[in-house]
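The sequence and structure follow.

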Amino acid sequence: MKKLTLLLILVVACLRVNAQNQDLLSSKYPKGELQKILIPQAKWVPFPRREDRAGWAKADQAMMKAYVTKAESYLNYDWPSIPATKSLLIERTGDREEYQSMSFQKRNVLGTLVLAEIYENKGRFIDPIINGVWSICEESFWGAPAHLPRSKEYSGLMDVSKPFVDLFAAETATYLAWVDYFLGDKLDAVSPQVRKRIYHETNYRIFQPLMTQHHGWMSANASGRAPNNWNPWICSNWLNAVLLLEKDDQQRTASVAKILNVLDNFVNPYPQDGGCDEGPSYWGAAAASLYDNIALLNTASNNAFQYVYEDEKIKNMGKFIYRAQISPTYFLNFADADPQPGMAANMIYRFGKDIKDLDMMKFGAYYRKSENGSIGKFHYFRHFYALFMQNEYQKAAQGLPLPKDVWLPDLQVFAARDRQGTTNGFYVAAKGGHNDESHNHNDIGNYVVYYDGHPLLIDVGRGTYTRKTFSDKRYDIWYNCSNYHNLPTINGKDQPPGGKYKAGDIIYKQNPGSAQFTLDMAKAYPAAAGVTSWQRTIQLNRGKNVQINDEVKLSKADSITQHLMTCYPAAITRPGEVTIRYKPKNATGKDFVVRYDPKQMEVSVEKVILDDPEDKGIITKWGDTIYRINFKVLAPKTSDKFNFVVAAK
């Protein structure tokens with residue numbers, strides 16, 4: 001019997017390895033066949049040419065008129081050069097926003113002007129577009145100074161002799177490629193040098209580096225961490241640009257072949273359950289950007305990549321966005337994710353339709369809104385798809401799945417709510433995983449509790465990105481550290497970063513009356529913490545309360561402090577009871593209690609001071625209302641149990 005069990009475990013393991021190393025995209029078509037299925041550049045018409053007025057009459061007219069209205073405010077836009085001192089800010093003060101805001105605005109203006117000219121087709125916006133193209137082409141770096149190598153060789157300024165591709169350099173190539181596609185003839189009528197400059201700069205800054213240099217985002221890093229959203233996000237823009245601009249079809253095919261291989265480096269290690277360790281706000285540039293690549297490949301190949309949508313992992317990658325939903329406003333925000341991310345509704349609807357998921361389609365339609373001419377910062381090409389789907393989309397059924405139970409075994413995340421399809425009552429989620437996840441926080445065993453769709457016990461998430469955020473000082477920032485999560489400090493030690501710090505002994509159970517997630521947090525702490533085992537169980541008792549039970553064994557017991565984070569004032573109202581004054585905006589206030597053993601722990605409440613540059617983003621998301629509740633164990637023991645109950649008062 002034991003041999004049979006072992007055999008089954010090995011078979012399952014092999015199946016999982018095979019599922020994760022299938023080269024779904026790159027193995028389907030050999031290079032020679034790939035060239036045959038790709039529509040040649042000269043014949044490719046992904047969307048109607050500008051002069052095809054009958055074709056553009058099928059685009060949503062309200063959206064197009066909104067673009068024109070917005071573009072009219074840019075007719076006299078003064079295209080700024082970006083001073084070197086703006087780039088140097090990343091070194092001098094750690095600020096990245098001043099440079100990026102100027103760069104992003106220029107691309108936003110250019111993209112809006114292009115859409116307006118397509119609709120109006122009178123030449124009114126051509127000169128501002130040319131000015132924009134020329135100004136962007138004259139920039140020393142299309143990317144962000146925050147992404148420059150941190151070395152004396154760079155010191156905050158780009159080495160223009162060594163181009164490399166980051167997120168925003170790739171985004172820039174997409175804007176210029178669509179300018180060329182839609183308006184090339186009008187640019188040539190002014191001067192052939194405009195389109196020549198577009199190709200020259202894109203080829204030098206994007207195509208050549210990507211085909212001749214390895215970039216770190218293309219594959220796993222030295223420690224084995226899988227690629228994050230940079231991989232499919234950059235690939236989607238690389239694919240856009242090379243399909244549109246590269247006239248040499250052999251070189252074009254070679255580029256697409258490499259893109260497919262790079263994308264497989266993202267897909268192969270991705271968890272089979274589709275879980276995004278970067279969270280829902282990064283999903284829009286991770287799994288969603290993978291979808292962008294597939295959609296564009298289908299557009300360029302007469303649907304030769306339609307088979308990808310039948311893959312179960314790809315389907316799960318799409319479904320993650322609604323599986324991670326707490327309420328219409330809030331989503332799970334473990335690690336660097338935002339608690340209230342925006343939803344790219346049109347794209348989500350398309351993704352749902354392609355994987356034949358009615359819940360995802362309804363979810364995307366739920367977030368549709370009237371267009372006001374704003375194109376956002378990124379993923380410019382999504383607007384063209386959106387323009388030609390509105391007749392169907394505006395009539396589509398709306399709804400939120402709000403699943404009762406979610407279990408992502410690969411990501412080691414569970415979530416449960418009191419009832420299916422409603423935000424009424426309790427919602428709880430918790431995570432295992434490890435401390436080398438993308439956008440990592442040291443947060444193994446962390447959990448959140450919401451009520452009626454609003455936060456009660458929270459994951460603070462991230463603040464404003466600065467130079468410090470992705471440096472060796474990342475864990476000097478308080479909200480990245482385990483002692484500012486709903487986690488214990490053990491013998492003065494908190495969780496360190498690194499892949500070896502991970503959860504163990506994961507158990508998930510659910511039934512109609514409860515849902516339960518158990519993990520051992522021992523390996524999440526350093527050896528100096530003296531943790532032999534720390535078994536934590538987070539349980540939702542539907543319609544009643546949330547329980548957190550810790551059963552611990554330590555080799556020493558000098559000090560233990562449990563931490564809880566909330567966005568409301570909290571007070572010790574009586575021994576054994578901390579009251580949280582739950583008062584969401586536009587919702588009825590209510591007191592909740594956290595019950596504990598007063599003979600075992602003493603409690604203190606502190607308001608977190610938000611005065612660092614990184615804290616600006618915390619204030620934007622939560623307000624200046626972050627509190628930490630500390631439960632200090634009075635007489636620590638090497639073997640002990642701790643119990644918390646979260647309930648309405």
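**Cavities, pocket and cores**

The second largest cavity has a volume of about 50 Å³. A cavity is, on a 1 Å grid over the protein atoms alone, a set of points where a 1.4 Å probe fits but cannot get out, and lining residues have an atom within 4 Å of a point. Grid points are joined across faces, edges and corners, and a volume is the space filled by probe spheres set on the points. The model is predicted: local features need pLDDT of at least 70, side-chain atom pairs count only at pLDDT 80 or more, and totals for chains, interfaces and linings use all residues. Residues are numbered from 1 along each chain as its sequence is written, and side-chain values use heavy atoms, with hydrogens and water left out.

**Cavities**

- The lining of the second largest cavity consists of Phe-104, Arg-107, Phe-168, Glu-171, Thr-172, Tyr-175, Lys-377 and Phe-378.
- Helix H6 (97-120) and H8 each give two or more residues to this lining, and H8 gives the most, with 4 residues. Helices (H or I, at least four residues) and strands (E, at least two) are DSSP runs, numbered from the N terminus.
- By class, the lining of the second largest cavity has 4 nonpolar, 1 polar and 3 charged residues. Ala, Val, Leu, Ile, Met, Phe, Trp, Tyr, Cys and Pro count as nonpolar, Asp, Glu, Lys and Arg as charged, and the others, Gly among them, as polar.
- The model has 3 cavities of 30 Å³ or more, and the largest cavity has a volume of about 120 Å³.
- The largest cavity is lined by 13 residues, of which Cys-276, Asp-277, Phe-334, Leu-411 and Val-413 lie nearest its centre; the lining comprises 8 nonpolar, 2 polar and 3 charged residues.

**Second largest pocket**

- The second largest pocket holds about 640 Å³ of space; a pocket is an open set of points with protein on both sides within 12 Å along at least five of seven lines.
- Its lining has 27 residues, with Pro-269, Pro-271, Asp-277, Asp-410 and His-434 nearest the centre.
- Helix H1 (2-20) and strand S8 (498-502) are the elements that give two or more residues to this lining.
- The lining of this pocket divides into 9 nonpolar, 10 polar and 8 charged residues.

**Nonpolar cores**

- The largest nonpolar core has 199 residues, of which Leu-110, Trp-238, Trp-283, Phe-384, Trp-478, Ile-626 and Phe-631 touch the most other members. Such a core is a set of buried Ala, Val, Leu, Ile, Met, Phe, Trp, Tyr and Cys residues joined through side-chain atoms within 4.5 Å.
- Helix H8 (residues 167-190) gives the most to this core, with 14 residues.

**Selected residues**

- Ile-314 lies in helix H14 (residues 312-323) and is buried at 2% relative accessibility; buried means under 20% relative accessible area, exposed over 50%, and partly exposed in between (1.4 Å probe, protein chains only).
- Leaving aside residues up to four places away in sequence, Ile-314 touches Leu-24, Val-267, Leu-290, Val-308 and Phe-351, where contact means heavy atoms within 4.5 Å.
- Asp-505, in strand S9 (residues 504-511), has a positive phi near 50 degrees and is exposed at 58% relative accessibility.
- Asn-586 has a positive phi near 60 degrees, and is located in the loop between strand S15 (577-582) and strand S16 (590-595).
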